[in-house]
Structures are given as structure tokens and as C-alpha cells.
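Subject: Structure for you to look at

Hello,

Here is the structure I said I would pass on. Please open it alongside this message; my notes come after it.

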Amino acid sequence: MNRLSLKMKLTLLYSFFMMCITCVVMGVLLSISNREIRGLVGVNLQNRVVKSIEDIEVEDGELDIDSDFYSLDHNIYLSLYTTDAFFLYGKIPYDFTSIPPFLDRKLQVIPQKEEKWYVYDVLCELDGYGQVYVRGVTSLTDSENNFHITLRIAMILFPLFAVFTAVIGYRFTSRTLLPVRKILDTVQRIQRDADLSCRIGLEEHKGKKGDEIYNLAETFDQMLDQLEKAFQREKQFTSDVSHELRTPISVILAQCNDCLANDTMPEEQRMKITLIERKAREMSEMISQLLLLSRADQGRYQLNRERMNVSELTEIIAEEQQWLAEEKKIEIIKEIEPNLFACVDETFYIRMLVNLLSNAIAYGKLGGKIWIRLEAKGDRIQGCVQDDGIGIAEKELEHIWKRFYRADISRTKTDGENHSGLGLSMVKWIVEAHGGNVWVQSSLGEGSQFYFEIPTNFNDSLMFGDYS
């Protein structure tokens with residue numbers, strides 16, 4: 001039941017209550033049907049017999065019967081008898097063969113074979129003739145059968161009514177929940193495309209200010225407006241700050257280089273300036289990455305892709321990173337399938353692999369190993385950078401792609417080198433900009449495997465996306 005949509009749940013609930021009401025009504029009708037039928041047939045019989053007396057007249061000592069006396073109104077047969085039960089005029093049902101005793105103004109139920117009959121007698125005094133009995137006879141069984149036929153027709157129509165009710169309920173519910181469907185589609189589109197400019201825009205509900213769904217959609221659109229403006233301000237702020245910080249950092253680096261070029265500087269001061277220079281370079285790199293990411297978020301970057309041998313490019317990058325790995329006595333093992341070609345932006349492909357390898361070196365164990373793999377997977381190329389270092393806890397894996405996120409204190413500082421937490425964000429951004437995807441597998445204390453896949457073919461529509 002929990003897997004059903006809200007639309008289907010409301011339809012089932014509506015149909016269920018409609019069926020319950022219908023069943024209750026039919027049950028009540030069944031419970032009172034026999035009594036009501038008998039009562040109605042009896043009343044009609046009595047009224048017909050009493051009224052028929054007006055159709056009997058006496059002329060010159062002879063009875064003059066009006067033609068209405070012989071009509072079968074409500075299937076009632078009328079007949080005229082003497083007080084000693086001698087038949088004079090009228091009609092008698094063919095199947096009614098018995099002659100029950102005459103009881104003035106008493107309704108009699110006469111069972112006969114498989115039928116039941118109502119008999120009603122009225123003793124009347126005719127001027128110039130004497131007393132006679134007017135007898136009315138009607139079949140109670142026929143009336144009941146007619147009702148049962150009607151009931152059976154109703155039972156046959158009941159499933160059709162149930163289906164009709166369900167269809168009407170479904171269409172009504174669908175129409176009612178259509179704005180909700182539009183709200184859901186908008187939210188899913190925002191999640192899929194990371195586009196806060198999407199709006200619900202229920203134009204067909206304009207003027208329905210009292211409609212709760214319209215108010216919800218309008219409030220949601222207003223919230224999206226505020227969020228979009230807030231994100232735009234944050235992106236612009238990041239871009240502006242990153243740009244403005246580049247100049248003072250450049251000045252700091254230049255002054256540090258000038259100071260270090262002085263051979264007469266005391267060793268203690270040289271060590272302090274060297275530390276300042278290293279931290280300034282880290283800041284410069286972080287600012288450069290922030291500026292790049294900020295501009296990409298604003299859609300100001302486009303890939304300069306060209307077809308190249310990514311196998312050779314990956315080999316070169318791995319060899320360049322080997323000398324950094326030697327400081328920790330880490331060996332980089334290359335398992336690269338030769339002659340793999342793809343349309344990539346060379347600069348950013350290099351940056352992606354450098355980030356992954358430097359990350360593996362930073363968190364790899366002393367004297368450990370790093371594996372870099374590259375192979376073809378259909379129309380895509382899959383790569384992997386694996387280390388045997390400290391690994392990442394499972395609960396942290398979904399967060400490592402976020403900017404400035406670092407899993408724990410053990411991953412914030414390695415051999416005196418701080419990591420800003422932007423490297424993996426940059427990797428994810430570059431891979432997705434190439435139309436690929438990236439993921440990680442890791443176990444705490446056993447190392448990590450970072451995978452990436454990129455398509456081999458060029459696509460003009462691929463731009464740098466916007467993600468947070």
C-alpha cells in the first residue's frame with residue numbers, strides 16, 4: 001500500500017467509501033423490501049376496490065357496470081358477488097381457482113400452489129338492488145418477483161457502477177493533484193539539473209488565492225527566488241574575494257623570494273620566511289581553485305576539448321608525480337591500456353589526475369604503493385587511482401566531494417602539509433564537465449579507490465555544469 005501513489009490511494013479511498021454507501025443503501029432496501037411491497041400492494045388493492053364501487057349503478061332493478069370496473073389497474077382483478085358467494089360480474093385471475101370466504105374490509109393472504117394472493121372484500125348496499133360484495137384480487141408473488149428482477153438488475157449494474165465510480169474518482173483526483181505533480185516535477189528537475197532558475201508557475205491557478213495548492217506553489221516559487229539570489233550572491237562573493245586576494249598573495253610570494261635570495265639572512269629567519277612562502281603558495285593554489293570553481297558555477301568556462309592519446313598523457317602525469325611520491329618512498333604502479341583516445345581538455349585532465357595522485361600520495365602510507373589504471377569500457381574510458389593508505393570511513397564517503405570538506409582530523413594534515421578540501425571538488429567538476437561520472441570505494445585503514453569515467457566522443461553540448 002505504501003508503494004501506491006497518492007493519486008491511487010485517494011482514488012481507492014473514494015471508491016471504497018462510495019461502495020460502502022451503496023452497499024448500505026442496498027442492504028437497507030433489501031431489509032424493508034418485502035414489508036414495503038406487501039404494504040404498498042395492500043394499500044393499492046384496498047383503494048382500488050373502494051373506488052370501484054362508484055362504477056356500479058342500479059337501473060330499473062338491474063346492475064349497470066361501468067367499463068372501468070373491468071380494467072386491470074395495478075394488476076388488480078375486480079369481481080362482484082352476491083352475499084351467498086354467487087359470481088355476478090368482473091374478472092378473476094386464471095390461476096386463482098379457490099373461493100375464500102368473504103370478510104368485509106379485511107385483507108386476506110391466500111397461498112395457492114407457489115403463489116400468494118391478496119384478497120380484499122367490501123360489502124356495499126345498492127339502492128334498489130340490495131347487498132353485494134366487491135372483491136379485489138391481486139398477486140403478491142408477481143409484485144415480489146418484479147422487485148427481485150429490479151434487484152437483480154441492480155446487482156448486475158453494481159460492478160459497472162463500481163468501475164464508473166473508480167474511473168470518475170481517478171480522473172477527479174488526477175485533475176486535483178495535477179498542480180502537485182507539477183510541483184514534484186519542478187523539484188526533481190532542480191535536483192537533476194542543479195538549476196535554481198526553474199519555477200513551478202501555476203498560471204492556470206491565477207486568481208485562486210484561496211487554493212491551498214496554489215498558495216503552496218507560490219510560496220515555493222518565492223523560496224526558490226530567495227535561494228537563487230542567495231546562491232548568486234555567494235558565487236559572486238567567492239569570485240570577488242578570490243580575485244582580490246590574488247594580488248596580496250602575489251606580493252607576499254614576491255617579497256619572500258626576495259628575502260630568500262639574500263645569502264646573509266640568518267638561518268632562523270630563513271626558516272620562518274620559507275614557512276611563510278609555503279603557506280602563501282598553498283593559499284595561492286586554493287584561491288586559484290576557488291576562482292576557477294566560482295567562474296564555472298557562473299557558466300563562464302567552456303571546455304577546450306581535442307582528441308588526444310589519454311594513455312600517453314596519463315603516463316606522463318604519473319611519471320611527473322613519482323618524484324613527489326619518492327619523498328614518502330611510495331611507488332606508483334601504472335596499469336594503463338595503450339592507445340586510448342578521447343576528446344578531453346588537456347589542461348583540466350592533467351589537473352584532475354594530479355589532484356587524485358597528490359591526494360593518494362598525501363594519505364598513502366610510508367613505503368606504500370599507488371596504482372593508476374586506465375582501460376576502455378565500450379564508448380567510455382574508465383580510470384582508477386588506488387592507494388593503500390589510511391582510507392575513509394563509510395559515513396564520510398558521500399560528503400568528500402563537497403568543497404572544504406575533510407573527513408576527519410587525520411586527513412587534514414599530512415607531513416606538515418594542509419589540504420584545503422577543494423581537490424576532490426575540482427575532480428568531480430572536471431569529470432562531470434566532460435560528461436562523465438566519478439565515484440569512490442574505500443575502507444578505513446585499508447586505502448581508497450577513486451574511479452572516473454569519461455566518454456570518448458566529443459559533444460558540443462557539454463559545458464561546465466553548476467553544482468555545489
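Predicted model: local features only at pLDDT ≥ 70, side-chain atom pairs only at ≥ 80, totals over all residues.

Overall

The protein has 468 residues, of which 38% count as buried. Its secondary structure comes to 7 helices and 16 strands. Among contacts with a separation of 6 or more, 64% join residues 24 or more positions apart.

The antiparallel sheet

Strand β3 (residues 77-82) is worth a look. It is largely enclosed by the rest of the structure, because 6 of its 6 residues are buried. Both of its faces are covered: Y77, S79 and Y81 are buried on one side, and L78, L80 and T82 are buried on the other. An antiparallel pairing of 6 bridges links β3 to β7 (residues 130-139), and 3 bridges link β3 to β4, also antiparallel. Y81 takes part in both pairings: its bridge partner in β7 is Y133, and in β4 Y81 stands opposite F87. The hairpin of β3 and β4 has 4 residues between the strands, and A85 there takes a positive phi near 70 degrees.

At the other end of the strand order, β5 pairs with β6 (residues 115-126) over 6 bridges in the antiparallel sense. V109 has Y118 as its bridge partner in β6.

The mixed sheet

A second open sheet of 5 strands has the order β9-β11-β12-β16-β15, and here the pairing is mixed. β9 (331-336) and β15 (437-443) stand at the edges with a single partner strand each, so one side of each has no neighbour in the sheet. The twist in this sheet averages 15 degrees from one strand to the next.

Within the sheet, β11 (residues 369-377) and β12 (residues 380-387) run antiparallel and are joined by 8 bridges. W371 has Q386 as its bridge partner in β12.

Helix α6

Which strands does helix α6 lie across? Helix α6 (residues 346-363) lies across β11, β12 and β16 (447-455), and runs at about 170 degrees to β16. The helix has 18 residues and reaches 26 Å from its first C-alpha to its last, close to the 26 Å expected at 1.5 Å a residue. Its buried residues include F348, Y349, M352, L353, L356 and L357, as well as N355 and N359. At the N-terminal end, D345 caps α6, with a side-chain oxygen 3.2 Å from the backbone nitrogen of T347.

A contact across the sequence

L12 is found in helix α1 (residues 6-52). Is L12 buried or partly exposed? L12 is partly exposed, with a relative accessible area of 41%. L12 and Y170 are 158 residues apart in sequence, but their C-alpha atoms are 8.4 Å apart in space.

That is the list for now.

Regards

Conventions: Residues numbered from 1 in each chain as written. Heavy atoms only, no water. Pairing = 2+ DSSP bridges. Helix = DSSP H or I, 4+ residues; strand = E, 2+ residues; numbered from the N terminus. Axes fitted to C-alpha atoms, helices over the stretch in contact; angles between N-to-C directions. Contact = heavy atoms within 4.5 Å. Buried < 20%, exposed > 50% of the residue type's maximum accessible area, 1.4 Å probe, protein only. Expected span 1.5 Å × (residues − 1). Polar contact = N/O pair within 3.5 Å; in protein donor to acceptor, adjacent residues only side chain to side chain.
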